[in-house]
Amino acid sequence: MREINIENNHFYQDIGFCTDSQRKSLLKDVIKILEDCKDSDFNKIHPYQTDSNLYEKVKNKKHWLDFYDRLYTKLYGIYKKELKLKQSWANFSKENNDFSFHTHNYDITCVYHLKNNLPEYGTNIENKVIIPGIENSLVIFKGDVSHSICNMPKDIAKYEKNYRYSLVFDFNYDK
């Protein structure tokens, strides 16, 4: 686990978070869910994103349970506090996306880079630093930090091999 300090904000990056078979199973599920969400009202507001209750929909599958247990254990090891999952979703980046800077109204945000052949298009922090989006890596930070997915140039993002998939989980401290 690598700790990164940016303007007094702590970020944690864990490279090699899942096994290859687990990552492939997660990706297969995410692609299917994104396809299912294509016509939903939510997707019209947030193109290329699943509904924000992703984990609720998939938690009965062993590879998702294993992923979540590993994630929760990692978070507890860092923060030493009980946490409650508030929302989760998947993002899909391709040539016509336009992600912008935003914050989350939760204590902790986790971004898992499920598929990303171009790590230089990772997570942009406050338009100052890019944390590389290394495939199979987890980035953990405070939800109130301004961040964005790095949008790829359209001439790069148009190729399917360059599509980027990430999972996001928001937690609050369990009071």
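Visitor: Is Cys110 buried or exposed?
Guide: The model is predicted, so local features need pLDDT of at least 70 and side-chain atom pairs count only at pLDDT 80 or more, while totals for chains, interfaces and linings use all residues. Residues are numbered from 1 along each chain as its sequence is written, and side-chain values use heavy atoms, with hydrogens and water left out. A residue counts as buried under 20% relative accessible area, exposed over 50%, and partly exposed in between, with a 1.4 Å probe and protein chains only. Since the relative accessible area of Cys110 is 0%, Cys110 is buried.

Visitor: How many disulfides does the structure hold?
Guide: A disulfide is a covalent bond between the sulfur atoms of two cysteines, and here the term is used for a pair of cysteine sulfur atoms within 2.5 Å. The number of disulfides in the structure is zero.

Visitor: Which cysteine has the sulfur nearest to that of Cys110?
Guide: Cys110 takes part in no disulfide. The nearest cysteine sulfur lies 12 Å away and belongs to Cys18.

Visitor: How far is the sulfur of Cys150 from the closest cysteine sulfur?
Guide: Cys150 is buried, with a relative accessible area of 8%. The closest cysteine sulfur is in Cys110, too far for a bond, at a distance of 18 Å.
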